[in-house]
Amino acid sequence: MKARPIRDSRQESAVFVRRAIIGFLLILVALSVLASRFWFLQVVKHRELQSRSDENRILTRPLAPARGLIYDRNGILLAENIAAFRLEVVPEQVQDMESLLADLKLTIGISEDDLDRFRSLVKSKRSYQSIPLRLKLSEEEIARFAVNRWRFRGVDVVPYLTRFYPRGKKLGHLVGYVGRIDAADAERLDASRYAGTTHVGKTGIERSYEELLHGEPGYELVEVNADRRPLRVLERVAPKPGRNLYLTVDVRIQEAGELAFADRPGASVAIDPRNGEVLAMISVPSFDPNLFVNGISQTDYNALLNSPDKPLLDRALRGSYVPGSTIKPFVAAAGLELGLRKPSDTVMSTGEFFIPGQQRGYRDVRAGGHGRVDLVQSLAQSVNTYYYALALELGIDRFASYLARFGFGQPTGIDLEGEGSGVLPSKEWKQARFGKPWYPGETVISGIGQGFWVVTPVQLASAVATLSVGGIAHRPRLLHATQQGIGDAPEAVAESQAQPAIFRDPANWHAIREGMIAVVNGPTGTARTMGIGFPYVIAGKSGTAERYSRTTEAWQHISQVAIERHQVLFEAFTPAEAPRISVIVALEAGRGGGRDAAPVARKMLDAWLIGEGQAPSPPASGTDHP
Amino acid sequence: MNGVLANLGYRLKSMMRRPRFDLPLAGALLLLALVGLATQYSASDLDLDQAYAQALRLLLGTVLMIVISRIPPSTLRNWTPWLFAGSVLLLVLVTLLGEGRGANRWLDLRIVRFQPSELLKLTMPMMVAWTLNLRPLPPNWSTLGLVSVLIAVPAFLIAEQPDLGTALLVAASGLFAVYLAGIAWWRIGLVVVSAASVMPVAWHFMHEYQRNRVRTLLDPESDPLGLGWHIIQSKIAVGSGGLWGKGWHNGTQSRLEFLPEHTTDFIFSVFAEEWGLIGVLLLLLLYAFIIGRSLWIASNAKDTYSRLLAGAISMAFFVYVLVNGGMISGILPVVGVPLPLVSYGGTSAVSLLAGFGVLMSIHAQRRRVAT
C-alpha cells in the first residue's frame, strides 16, 4: 500500500454525521413536498378527479323505446316493428375511418347516402357512441361481414327493431313513414329523448303523432374498462314504449276506394259526420312507405319524384281541386239562410245567363236550358243559371263570408301536418293575390264552383260532413284511441267540440237534402244509378269542373277528349235522414262527376256497409249523365 | 460438554444483545414487503400466481441479504475494485452484445436473464466509497475529477441502453457518497450551476422518447390518448382516492385497466387510489423511517468506507421514492423507476435487498458506542 495522507477519522466521522443529518432533513423536505402534492391531488382536486374517474368507468347508454304500433279502427295492423340487423360503428375504436369505410363498401356495399348520413352523425355524437352505418342487412351481407369481421375493429352487427308497414302503398300517404334522423331532424328534436333513437316520423300519422308514438327513453349505466368494453350494468331504467294508435280509418273502406280508383289520379276522403272521424283518406297514386324506412335508393326516389302523376303528393291533404257543382248545395244554403230564396222559388234556365248590361253569356250544361226549376231541381239537374243568379244577388262579400262557415278557404285542422287551405274566392283574396279589383263576372262563375275556387279533398269532405248533419261542424280527425301496451284497454280520444249548427232553419237544410237525394234517386238526377241496390237512401251531388279556361290554347288542344277536359267530383252521404258516413271523391280527369266519381264513392259505401253489419250489395253499374 | 453448552449459551446471549440484523430496519423492510405484496395482489386483480412470484423474489432477495450481511465490510472493501470492474465489463458486454428491447437490456445467461446495470446500483457506491477512502477528505478537485469519471462512464453507458431511471439511480448513489464525504458546499454550488447550464446540451443528446416524456409532463392534456395518458390516468387514480381511499381492491382505475403499468411503475397510483392520502402519508413515513434508520446505521459505521457506502445506499433508496412518487403524481417526468419493494419485478427487489444486506453487515461491525 502506498503511503496515505494522515487521516483524521474523528473529523471525518463528524463531517459525515453533519452531512447525514442535513441530507436527512433535505430528504424529509422533499418527501413533504411529495406529500403536499398528494394532498393537492387527493384533497383539493379530489372532487374533479373523482368525477373524471367516474366518467372513465361509467358509460350512460341510452335505451330507445319501442315505437307504438298503428292500427285501423278495427285493430288491423298498419305499422309494426320487426326484427332486423344493422351495422354499427364506434368511431373511437376505429384507427382509420376512411379506409375502413372503403373496405366495408367493398365487402357488403354501402351507398353514398348511407355514408353521408353516417358522417354527419359522427360529427354530432360522442366518439364512443355506436353509430348506425347500414340498416336492414340481408342474411348474405351478415354472413359476408362475419367472415371478414377481424378486419373491422369497432364495427358490429346489431339487432334492432325496424318499422314495417304491412299494407304497403295502400295507406302510404295516410300512415306515412319513419326515416332515419337527419341533421335537420336532429336540430328539431330533443337530443336527450332521442339519444338512442335512429328513426323519427317523417310524414303522415307517423309525423303528426310522433310525440305519442316515440315513448320515453330509458338508460343504462354501464361500467366499462379502458377498452370501453361493458363489464356490468350498474343501473337500468327501462324505456317506456310509445303508445299504440288506433286510427279512425277503416281499412276496408280505404282499400275498396283505392281499388275503385284503378290508378286514376285523385283523392277521396270519407268522414263520419257525427263526430268528424275520418273513415278513409285516399290519395292515388301512392307509394310504398317501406322504401323510405331504411333509406330509399336514389333510383327509387327519382322514379317517385319525377313521375308525372306525382305519387309523393298527398292529394287528399293538399291536392288542389276546382269544386265545380259540388259547391252548389252550399251556395243554395247561403241563399236560403240569408233570405234571398225560398225552396219553392223558381228560376228560368234558357241555356245562357247574362249579367244585366253585359254581352258575355254564362252557359248551362244542357243546351237550350233546363226550363223553370226550383231548388230541388236545380240541384238534381245541376242547373247553372240558378246559381249564377243567386251568386250575383248574394254578392261576393256575403257569398264568401257565408261559405267560410263551412270551412272553405282555410285548413280544417285535421291532425296531419302540411294541410292545404284551398281558395275561397273573395275581393280580399283577389286583391292580396293579384292586386286587382273584383269583377261581377267572377261572382257569377264562383256560384258554380269555378273561377278562383280551389278546395282540398279533406276540406270538401269536412264541409259535406258538416252539411249532412244540418251544419254541425266537427274538426276531422284520424286518431280514434290510444293504448299504452298491447294488453291495456284502448283509451278513446276525446271527441272534438261540436260547433253550433250553421242552419238557423232546419227546413232550409231539409230542402237542400231533398235536392241532393234527387241527384241520386230522382228521375232527372245526375247520378241516377249510383244508389241502386243500396239499403239506405244516399244523398249526393256531382261536380264536373273544367280543368282549363275555355279561352286558352290548352282547351283547344284537348277539347276533343272529354275525359281530359274535366276534373270530376262527387260528394255523398248516407243514410240521408241521419247520415253516418259522408264521402267525397275527386278524380283529376273524367267525363263527369256522376259518371266517373260516383261509382268510386259507391264502392266505398259498400265497404262501409260491411262494418255496419250489412251484406255488400251488388255493385252499382251503368253510366250517368254529368 | 458443559463447555460447549456454555459456549453456545454465550453466543446466543451475545446475539440477542448485539444482533447481526438491525431489528427495527428489518421489521420496517418486512412491513414494506407485506404492503407491497398486498398491493400487488390487488393490482393484479387477485392473481395469486403473480403474488407468489413476487413473494419468491422477495425471499430470494432476503436470502441474498442474509448472505451479504455475513460478509465483513473489510472483505467487501477488498473486493470492491474487482466487483466494480466486473460489473462495468458486463455492462460493456451487454452494450455490445446484449439483447432486449429499448429500456430493458439484459444479458441472457441461460438460467437468469440479468441486467448488469442493476449490479452497478451496489458496486457504484462501493467503488466511490473505496476511492474516497484512499484520499484525503473532504475531497479536492483531483479526487472529484477521478470520481466523476468513475460515475459518469457507467451512468452514460446505462443511459445509452437506454435506461434513464437506472442511470439516474446509479449516478445518484455515487454522488451521495461524494456529498457525505464532505465535499465543500461551494463546490456543490458550482457543479449544480454548470450542470444547469449543460441542460440544453443534454436536451440535444436525449432520445426523442425521453424528450417527449418531458414535454408530456409540462402539458399532459395536450396528448390525452398518447403519452399524456399515463400521467392523466395516474393523477385521476390518485385524486379519486381522496383522503381515505376507495378500499383494497376497489380501485377502479387499475381494476378496469385505465391505469397502465399498474403492477410495476405505477403501483404507487394503485396504492394511493385504494388507501387515500392517509395511506400515502403512512407509506411515506415508513420510507422516511427506513432511510433515517439506514443513515443512523451509517453514522455508527466503523470506518470511512463503511460509512460512505452505507450512507450512499440509504440516500439512493430515497431517490427511488422521490422519482417514482413524483412521476405518478405528475410533478416529474415518466422515468422507469420502481417504487422500492412494492413494484412488481425481480431485479430491483433483489438488488435493493442486497444493498440492505451490506447495511446489515456494516451494522454488525459497528463502532461500539459508549453507553
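I began with burial in chain B: 50% of its 371 residues count as buried (20 or more other C-beta atoms within 10 Å of a residue's own, C-beta atoms being placed from the backbone). The model is predicted, local features need pLDDT of at least 70, side-chain atom pairs count only at pLDDT 80 or more, and totals for chains, interfaces and linings use all residues. Residues are numbered from 1 along each chain as its sequence is written, and chains are lettered from A in the order in which they are written.

Next I counted elements. Chain B has 14 helices and 2 strands (DSSP runs, H or I of at least four residues for helices, E of at least two for strands, numbered from the N terminus).

I then looked at one helix pair. The axes of H7 (residues 164-180) and H13 (residues 304-328) of chain B come within 8 Å and cross at roughly 135° (axes are lines fitted to C-alpha atoms, for helices over the stretch in contact; angles run from 0 to 180 degrees between N-to-C directions). H7(B) and H13(B) are therefore oblique to each other. In H7(B), B:Phe176 is among the residues that meet H13(B), where B:Tyr320 is one of the partners (contact means C-beta atoms, placed from the backbone, within 7 Å).

Last I turned to chain A. An open sheet of 5 strands has the order E12-E11-E21-E20-E19, with antiparallel pairing (strands pair if DSSP finds at least two bridges between them). The edge strands are E12 (277-284) and E19 (539-546). E20 (residues 566-574) and E21 (residues 581-590) of chain A share 8 bridges. A:Ala572 has A:Val583 as its bridge partner in E21(A).

Conventions. Parallel < 35°, antiparallel > 145°, perpendicular 65-115°, else oblique. Contact = placed C-beta atoms within 7 Å. Buried ≥ 20, exposed ≤ 12 C-beta atoms within 10 Å, placed from the backbone.
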